[in-house]
Amino acid sequence: MNQRKDTYRAALQREPDAAAPRHAKVARLHTRYVRVTIELDPALPEGLTRWAGPPVSAILRVGAAALRPLTGTP
């Protein structure tokens with residue numbers, strides 16, 4: 001039983017070192033009835049830009065092409 005406790009304590013002490021390279025942004029909401037913690041991955045802005053960039057730029061190009069005849073500029 002003591003060996004199991006020692007192994008468990010050693011594992012608890014090692015765990016933070018393995019998770020240290022990634023620092024997540026943490027937002028907490030505490031109310032009387034609800035307690036919410038949201039952790040955001042630091043790579044989220046990169047992934048979001050990579051995922052949403054091409055559709056947004058395509059919409060901007062289509063909008064510019066649609067407005068060009070209305071403004072009369074080439």
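This note goes through the predicted model point by point, from its confidence to its strands and surface.

1. Basis of the model. The structure is a prediction in which local features need pLDDT of at least 70 and side-chain atom pairs count only at pLDDT 80 or more, while totals for chains, interfaces and linings use all residues. Residues are numbered from 1 along each chain as its sequence is written, and side-chain values use heavy atoms, with hydrogens and water left out.

2. Confidence. The mean pLDDT (the predictor's confidence in each residue, from 0 to 100) is 77 for the protein, and 84% of its residues reach 70 or more. Confidence is lowest in helix α1 (residues 2-19), with a mean of 70, and highest in α2, with a mean of 84.

3. Elements. The protein has two helices and two strands, which follow one another from the N terminus in the order α-β-β-α; helices (H or I, at least four residues) and strands (E, at least two) are DSSP runs, numbered from the N terminus.

4. The strand pair. Strands β1 (residues 25-30) and β2 (residues 35-40) run antiparallel and are joined by six bridges, where pairing requires that DSSP finds at least two bridges between the strands. A hairpin of four residues connects β1 to β2, and Leu29 has Val36 as its bridge partner in β2.

5. Two residues of β2. Glu39 lies in strand β2, and its C-alpha atom is separated by 4.5 Å from that of Val26, 13 residues apart along the chain. Leaving aside neighbours within four places in sequence, Glu39 is in contact (heavy atoms within 4.5 Å) with Ala24, Lys25 and Val26.

6. Surface. Buried residues make up 0% of the 74 residues, and the protein exposes about 7,300 Å², of which carbon and sulfur atoms supply 62%; accessible areas come from the Shrake-Rupley method with a 1.4 Å probe, and for residues only the protein chains shown count as cover.

7. Nonpolar patch. Leu29, Tyr33, Val34, Val36, Ile38, Leu40, Leu44, Leu48 and Trp51 make a nonpolar surface patch of about 930 Å². The elements giving two or more residues to this patch are β2 and α2 (44-71). Patch residues have over 30% relative accessible area and no salt bridge, with like charges joined within 9 Å and nonpolar side chains (Val, Leu, Ile, Met, Phe, Trp, Tyr) within 5 Å; a salt bridge is a side-chain nitrogen of Lys or Arg within 4 Å of a carboxyl oxygen of Asp or Glu.

Terms used:
Buried < 20%, exposed > 50% of the residue type's maximum accessible area, 1.4 Å probe, protein only.
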